[in-house]
Amino acid sequence: MVSVILDGENAWEYFPESGREFLRRLYQGLQDDDVIECLTVSEAIERHGAENLAPLTHVTPGSWINSNFNIWIGSPEDNRAWDYLSAARDFFAEHADAATPEQRELAYEELLIAEGSDWNWWYGPEHHTENDADFDELYRKHLSNVYIALGARPLEHLAQPIATGQRLGRFTDQTSYIHPHYRWREHRLL
């Protein structure tokens, strides 16, 4: 089995048309090949058995960015976001058994959403976007939903931004339109 793992975002913006044609041709080539069979990892294990897999003896922690975790940890914002996630995870572990199956499933889904994305990419000093406040609010909403799904009130701090006010304050909503005037005679090219 050969794993082909393609990042879902970052690299593709540098390909023509965000990599669509490349990916279409890659997948078509794999589909048309008589030797290669495309399976998910689960399908391969189901078909060939887990006993045929060699266990990993070592995994080097890190990321493709600088071979470390600095993008996701270390800044006060990053640490706070991880602390909030850890608290929600602990709350789920303590209260899930008392919930209905539907409540437990919903709470777990919300927890997985909070765990499964690069939320911390947007916290800390490394990366910023005009949507910082939106990502921050959405992350905290998913964490809040863990508590709500299990019949509890979300922790108060989840109502407050994790991202610092200084960063969030650099974007200002539009309050009016500008009406520039161009004076041809004063700025004409000779």
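I began with D7 and asked which residues it touches beyond its neighbours within four places in sequence. Taking contact as heavy atoms within 4.5 Å, I found that D7 meets W12 and W64. D7 lies in the segment before α1 (20-32), where helices are DSSP runs of H or I with at least four residues, numbered from the N terminus. I noted D7 as partly exposed because its relative accessibility is 30%, the classes being buried under 20% relative accessible area, exposed over 50% and partly exposed in between, with a 1.4 Å probe and protein chains only.

Before going on I recorded the conditions: this is a predicted model, in which local features need pLDDT of at least 70 and side-chain atom pairs count only at pLDDT 80 or more, while totals for chains, interfaces and linings use all residues. Residues are numbered from 1 along each chain as its sequence is written, and side-chain values use heavy atoms, with hydrogens and water left out.

Next I looked up the helix packing, and read that the axes of α4 (residues 101-115) and α5 (residues 132-149) come within 8 Å and cross at roughly 160°; axes are lines fitted to C-alpha atoms, for helices over the stretch in contact, with angles from 0 to 180 degrees between N-to-C directions. The crossing of α4 and α5 is left-handed, that is, the near helix is turned anticlockwise from the far one by less than a right angle. On the α4 side the contacting residues include L106, L111 and I113, and on the α5 side Y139, L143 and V146 are among them.

I then turned to aromatic pairs, counted when the ring centres of Phe, Tyr and Trp (its six-membered ring) lie within 6.5 Å, with planes under 30 degrees apart called stacked, over 60 edge-to-face and the rest tilted. By this rule I have 8 aromatic pairs. W119 and Y139 make a tilted one, at 5.6 Å centre to centre and 45° between the planes. This pair joins the loop between α4 and α5, which holds W119, to Y139 in helix α5, 20 residues apart. W119 is buried at 8% relative accessible area, and Y139 is buried at 1%. W121 and W122 have ring centres 6.4 Å apart and planes at 80°, so I filed the pair as edge-to-face. W121 is buried at 13%, whereas W122 is partly exposed at 22%.

Key: Helix = DSSP H or I, 4+ residues; strand = E, 2+ residues; numbered from the N terminus.
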